[in-house]
Amino acid sequence: MNSKFRLAKTISTFTNPPIISIPLFFIICLTLSINNLWEFPLLELISLVFASILPMAIILSWAKKSGNDNDISRREDRFTPLIIGTVSYFIGFLICRFLGLNDFLTFLLLCYTVNTFLVMLITTQWKISIHTTGLSGPVCALIILLGPVGALFGLLYPIVIWSRVTLKKHTMAQAIAGGVFGFIMTAVEMFLYIFLFNLNIGNIYPIQYVFGFILAIVFTPVVLGIFTHFKYSNSLVFYFIEINGFCLLMAISSIDVVIIYVITTMVSIFISNYAGERFPWYKIIRSS
């Protein structure tokens, strides 16, 4: 096992949805209770139990009994873990609703419920990446709450794509699609719930600003994914598209969105160079 494969495996382990949700939900709960720190322990307990510990414990126990690996690599075996996750998130939502806890966390758990159920439906036909979906959901929530600070966590997105593709757990399309799905669905659902239920959320970033950050994060990985799909390797065309993406964001969005775009592009290029010739993105950014 070479060093790159070991690193990819380590990244994959720590970005497993129930694990990556622990630090991300910690930040979410801390942000939500910043004006009332007495609320924090209960919010953190609910998120820790129902978004992490409970689904992880049940899924690991099920995987051991059924002879699956911790990644549940076979698409056909993923329905039970996804059902477990859907039920766990929904119970967390119901408890938050019953106790009248913070609306943002309450409906974020409902987003988790809906998105996990939709991923289960997609999985009947296609093995979309649960890792990138599980990362993009809470990162989107952090963008809604913290704007550019939350968007910085989106820099993990191209790194997780590399990890999952390197480990041969997903195709490039599956890894990229999981993140795009999680970002867009979480944003759409959260703002829809805020509108429909007239939620008392407090200070959040407006929807157009949030989608600006989402575009900044996914643009370069999606472009590289399209090039990969069509087996097209031309660095001049790639950088031409990237410059146009930069100009587009400069025209329609704010400078902090543009900065996130530039940093995400740099991370994507760096991880491609680190990965080397075996990784499809390397040929795209280095060809002539």
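**Exercise 1.** In this predicted model, find how far helix 1 reaches from its first C-alpha to its last, and which residue caps its N-terminal end.

*Solution.*
1. Helix 1 covers residues 3-14, which is 12 residues.
2. From first to last C-alpha the helix reaches 17 Å, close to the 16 Å expected at 1.5 Å a residue.
3. The N-terminal cap is N2, with a side-chain oxygen 3.2 Å from the backbone nitrogen of K4.

**Exercise 2.** Identify the buried residues of helix 1 and state what they pack against.

*Solution.*
1. Buried means under 20% relative accessible area; in helix 1 this selects A8, I11 and S12.
2. Viewed down the helix axis, these buried residues fall within an arc of 100°, so they line one face of helix 1.
3. An α-helix has 3.6 residues a turn, so residues three or four places apart point the same way.
4. The partners of the buried residues are helix 6 (130-146) and helix 8 (156-166).

**Exercise 3.** Describe the lining of the second largest pocket, whose volume is about 400 Å³.

*Solution.*
1. The lining has 16 residues; closest to the centre are F5, T166, K168, R278 and F279.
2. Helix 1 and helix 8 are the elements that give two or more residues.
3. Helix 8 gives the most, with 3 residues.

**Exercise 4.** Locate N198 and K231, and decide whether each is buried or exposed.

*Solution.*
1. N198, with phi near 50°, is in the loop between helix 9 (172-196) and helix 10 (207-229).
2. The cut-off for exposed is over 50%; N198, at 68% relative accessible area, is exposed.
3. K231, with a positive phi of about 55°, is in the loop between helix 10 and helix 11 (235-252).
4. At 77% relative accessibility, K231 is exposed.

Note on methods: Residues are numbered from 1 along each chain as its sequence is written. This is a predicted model: local features need pLDDT of at least 70, side-chain atom pairs count only at pLDDT 80 or more; totals for chains, interfaces and linings use all residues. Side-chain values use heavy atoms; hydrogens and water are left out. Helices (H or I, at least four residues) and strands (E, at least two) are DSSP runs, numbered from the N terminus. The expected span of a helix is 1.5 Å times one less than its number of residues. Buried means under 20% relative accessible area, exposed over 50%, partly exposed in between (1.4 Å probe, protein chains only). The arc is that of the directions from the helix axis to the C-beta atoms. Contact means heavy atoms within 4.5 Å. A polar contact is a pair of N or O atoms within 3.5 Å; within protein, one must be able to donate a hydrogen and the other to accept it, and residues adjacent in sequence count only if both atoms are side-chain atoms. On a 1 Å grid over the protein atoms alone, a cavity is a set of points where a 1.4 Å probe fits but cannot get out, and a pocket is an open set with protein on both sides within 12 Å along at least five of seven lines; lining residues have an atom within 4 Å of a point.
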